[in-house]
Amino acid sequence: MAKQPLHRFVCQSCGAVYPKWSGKCEACHEWNTIVEETVEPTASRASKSKRRLTFSGLEGSAEPPARIGTSIAELDRVLGGGLVPASVVLVGGDPGIGKSTLLLQTACRLSATGQKVIYISGEEAIEQIRMRARRLELHAPTLELAASINVSDIAATLETDTPPGLVIIDSIQTMWLDTIESAPGSVAQVRACAFELIRLAKKRGFALILVGHVTKEGGLAGPRVMEHMVDAVMYFEGDRGHQFRILRAAKNRFGATDEIGVFAMTDRGLVEVPNPSALFLAERHGNIAGSAVFAGLEGTRPVLLEVQALLSPKAGDGSPRRAVVGWDTGRLSMLLAVLEARCGLKLAGMDVYLNFAGGLRVTEPAADLAAAAAIISAATGQPTSAGSVFFGEIGLSGEIRQVPQSDLRLREAQKLGFTTAVSPRRVARGAARTKPPAGLELQELGHLSSLVAAMGGNGTREPEED
């Protein structure tokens, strides 16, 4: 007797499976995301072939495959030096942020070097891609375009033709496999289509880039297992109000995950920004209270950013407002508590607004000291020195702690003409002091109250240790 098809209910947001329909997913707490899917039963049969595995040692004689340079230095930086043959990269980002533009530029430049590149779109017609290429003034006569959502057709084409160097699928959520009884974009379809394309890339040896949609929270849509299947996951970030776009690696089996690539969106597409610090500080105005410069680090790249703070009396009887752009709100609340409890600043009745200008989101704790300097400057009305940069982590007792790679931060500040760097004091007695570059003065602080007192606040300066 033939087995009947199985019916299950799957959340399209997180992939959780339920025996019956429900309005709310208990795993991700999303509403109206559970959809019924049909699973066709397969006949079970015992394997007739049982072969022993052949093991190999860690040290092999074969040389690692050469990476494929994309001719876009910022993209190669995030990839770890270029595309690895037979690797799979998943690129996500908000709608309209520039994912398709970046990949079309990559395809055209790589095609111009003689590599065979295939661009398959499931969202746009071929003529729409050509219109974008004409608008961006891109020329690649050897680039091969196709518009299809049928993975079976795509696989049949890639298995018979000469293996390309790179295949771009835009996007994985539009792909459809006729053996799966569900609509394109569902968890089952995304998982099955991704598996089939990844298997083909590993078998044929070409690099594969998949474009992925994101949810309203910013995570990649579809099953979480898809991120484990690919070799690298990259997010294209940015604020539409700013021209800058940040390409950040969240996972990379062939390189570091803390590197970023910086681009500027122009009418001719995305342009690389080799020195983002100069552009981030281009519109900074000195001698304004509530502003400080942060010497940050993104991967191996030092980046200088302006931190802006604004304090205003609390409006109404409710709680004071805490608004942050480009930083963690919880980190700001902790910093304000330290300033009030350890340094004597009265901020409980003030609305606090903090902004890291330029659209870059900062995650490292080294930004604490720069944010504190901007808040103290706004509270006292005394501007920070136009030639000063700040970096350091602040603890709950108000101590300023060391951060890694101080030398890179100091060299970047000196290169851009800054004369003073406010940084944490050396870790222990007898430890060697950091030697700043020529022309840059180093001011080491051990406690946040020292900065408050130096800027005219009512904090009490704590004694410095020898």
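Predicted model: local features only at pLDDT ≥ 70, side-chain atom pairs only at ≥ 80, totals over all residues.
Residues are numbered from 1 along each chain as its sequence is written, and side-chain values use heavy atoms, leaving out hydrogens and water.

**View 1. The largest nonpolar core has 60 residues.** A nonpolar core is a set of buried Ala, Val, Leu, Ile, Met, Phe, Trp, Tyr and Cys residues joined through side-chain atoms within 4.5 Å; buried means under 20% relative accessible area (1.4 Å probe, protein chains only). W327, L339 and L448 touch the most other members. Helix α9 (residues 368–380) gives the largest share, eight residues. Helices (H or I, at least four residues) and strands (E, at least two) are DSSP runs, numbered from the N terminus.

**View 2. A second, separate core holds 35 residues.** Look for V78, L79, V89 and A140, which are among its members.

**View 3. Nine strands make an open sheet with mixed pairing.** The order is β6-β5-β7-β8-β4-β9-β10-β11-β12, and two strands pair if DSSP finds at least two bridges between them. At the edges, β6 (144–147) and β12 (269–272) each pair on one side only. Strand β5 (residues 117–121) runs parallel to β6, joined by four bridges, and Y119 stands opposite L145 in β6.

**View 4. Helix α3 (residues 126–135) lies across β5 and β6.** Its direction is at about 135° to β6; axes are lines fitted to C-alpha atoms, for helices over the stretch in contact (heavy atoms within 4.5 Å), and angles run from 0 to 180 degrees between N-to-C directions.

How values were computed. Buried < 20%, exposed > 50% of the residue type's maximum accessible area, 1.4 Å probe, protein only.
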